[in-house]
Amino acid sequence: MPKFMLLLHEAAGEFAALSPTEMQAVFERYNAWGKALADKGAMRGGEKLGDEHGRWLKRGPKGVQISDGPFNESKEIIGGYFAIEADDYDTAVALAQDCPHLDHGWIEVRRVDAT
Amino acid sequence: MQSASSGISPLVDDLFRRESGRLVASLSRRFGVARLDRIEDAVQDALVQALRRWPFTGIPDDPVAWLRRVALNRTLDLLRTEQRRGQWVTSEPIDAPAPETASSAASPPDAGDDALGDDDLRLLLACAHPALSADVAVTLMLKTVGGLSVEEIARALLVEPAAIAQRLVRARRTLAEADEPLAIPRDAAAAVPRVQLVMQALYLMFTEGHAAAQDDAVVRFELCAEALRLSRRLALHPVLGTPELDALTALFALQGSRLDARADDAGIPVLLDAQDRSRWSGALIALGAHHLERAMRATQLSRWHLEAELAAAHVLRPPEAAADWPLIVTLYDRLMQLAPTPVVAVNRAIAIGFARGAAAAREALDALQDDARLARYPWYHAARAHFAMAAGNVIAAREAYDTALAFTASPPQREWLLQRVQQCGESG
């Protein structure tokens, strides 16, 4: 079955102002969503990415140039990703549509090219 | 990689709020109350990390230990950054052993029952710092030990949220500038003058748990249980314990005994008269009765005695007996002399209504009309509505219920009020 990546974009500091009780409530929603996908057999795991902006490597005239990620250009980061299985884009989008992350950022759905 | 579905076991209700209070307490004990603002930031960061990481990794096997480790590391990071910037002058390296170890040469290793063992008990007493005004100290206790948000504190104290935020800023500045950097009293005797303020804070913590206005659950049981636990520990403390603390503990236990019965299975509030007494907690009633008895060694009755008596008037009466409303009115009359708060005044008016009828209730409620603090208090308006309805004045009842709804955020409480509004419609 085709595999899709859900890339979770969010603004840096999105959750910083929540009270502890609110944070737990938000987490429970993510947890319930993840469990629902697992119960359907669609969840193939996920990982959180580090909050630093990473490194960019580009070949320039003087060899490989290494720079920090787009620090000032954008305060948006990819918080992490989920890997899911779905028949096609429509099904993948339907599964992502219930994700509580949509209240806190946006989701990019990409198919893993296995052909 | 762990599967995202492995952490399906739900977290303990209220884990984040409870741990935020405990973490701030234990880290303040270790690094000093003067660093409270950085410690609170670090704890908040740890909770945010949990919220952002656990959806991907699943809940760790020991979530509490995970939070502790992350919060400690984050505190050390923040303090080191500050030290490098030279903002922070101290003779004590931040990686020094915790104060309790460092001071063990000065005091016997086992200080016995007089020691203030619990971190949160010590932090509570530290917040009751003599340099802080009572309002500010109570606000700080609710934030740090209670783990309440600014909004929740604002509601508990009937004060605007902006004013609460200001108080917290002022409190942290004062504590950071205080002469004694580690303001936690080392021995219990030094803490005695601070207990009054702590009692106020515990009372508000319990009340907020009881009202639970912003939650979907009618009762945030954890908050009430925490207030009861801390109050009981103080009441039984050989140096700090007083009859007032016994009265406060009795009040919490007796009120707490009915928590389960205050909502039906759908979470909708159930009025006292309609409550299923088999859902009251016998263990808590017994605990309350025990502390009420201990409280009677007092030479003078405090407001906590009166409030505990009020709770007992409902809980300790035999099932077949009706509530003794004239006695309840008398208790409220005396309570108004000791603690003339707007909320007590509203409850007194309600008791008058049950003792003497709707007209008397209306008169008592009208007398409170000009109190600005009650304008946003939903249960004042709900009480007006109840007795307007009892007097057959459907239009006034409906209006007052609408006003109450405008100031209620909690879904179950809204549902309850909407049911009342509907009854107005059926009679009108």
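**Entry 1: the hairpin of chain A**

I began with A:Lys58 and found that its bridge partner in S4(A) is A:Gln65. I took helices (H or I, at least four residues) and strands (E, at least two) as DSSP runs, numbered from the N terminus. I counted two strands as paired if DSSP finds at least two bridges between them. Strand S3 (residues 55-60) and strand S4 (residues 63-68) of chain A run antiparallel and are joined by six bridges. I noted that the hairpin from S3(A) to S4(A) passes through two residues.

**Entry 2: basis of the model**

I record that this is a predicted model, in which local features need pLDDT of at least 70 and side-chain atom pairs count only at pLDDT 80 or more, while totals for chains, interfaces and linings use all residues. Residues are numbered from 1 along each chain as its sequence is written, chains are lettered from A and ligands numbered from 1 in the order in which they are written, and side-chain values use heavy atoms, with hydrogens and water left out.

**Entry 3: the sheet of chain A**

I looked up the strand order of the open sheet in chain A: its four strands run S2-S5-S1-S6, with antiparallel pairing. S2 and strand S6 (105-111) of chain A are the edge strands, each pairing on one side only. From one strand to the next, the twist averages 20°. I took axes as lines fitted to C-alpha atoms, for helices over the stretch in contact, with angles from 0 to 180 degrees between N-to-C directions.

I then followed S1(A) to its partners. Nine bridges pair S1(A) with S5(A) in the antiparallel sense, and seven bridges join S1(A) to S6(A), also antiparallel. A:Leu8 has A:Gly80 as its bridge partner in S5(A). A:Phe4 stands opposite A:Ile84 in S5(A) and opposite A:Arg111 in S6(A).

**Entry 4: helices on the sheet**

I found H1(A) lying across S1, S2 and S5 of chain A, at about 145° to S2(A). Helix H2 (residues 89-97) of chain A packs on the sheet and touches S1, S5 and S6 of chain A, its direction making about 155° with that of S6(A). Here and below, contact means heavy atoms within 4.5 Å.

**Entry 5: the interface of chains A and B**

I asked how many residues each chain brings to the contact. Chain A gives 30 residues and chain B gives 28 residues. The two chains bury about 2,400 Å² between them, 68% of it on carbon and sulfur atoms; buried area is the accessible area (1.4 Å probe) that two parts lose on being put together, summed over both. A:Gln24, A:Phe27 and A:Lys48 supply 26% of the area that chain A buries against chain B, more than any other three residues.

I noted two salt bridges across the interface, a salt bridge being a side-chain nitrogen of Lys or Arg within 4 Å of a carboxyl oxygen of Asp or Glu. One of them links B:Arg52 with A:Glu10, whose closest N and O atoms are 2.7 Å apart.

I also looked up which elements of chain A form the side that touches chain B. Strand S1 (3-11), helix H1 (20-39), strand S2 (43-48) and strand S5 (76-85) each supply at least two residues. H1(A) provides the largest share, 11 residues.

**Entry 6: B:Arg303**

I located B:Arg303 in helix H14 (residues 303-315) of chain B. Leaving aside neighbours within four places in sequence, B:Arg303 is in contact with B:Tyr203, B:Leu335, B:Leu338 and B:Ala339. The C-alpha atoms of B:Arg303 and B:Leu331 are separated by 9.8 Å, and the two residues are 28 residues apart along the chain.
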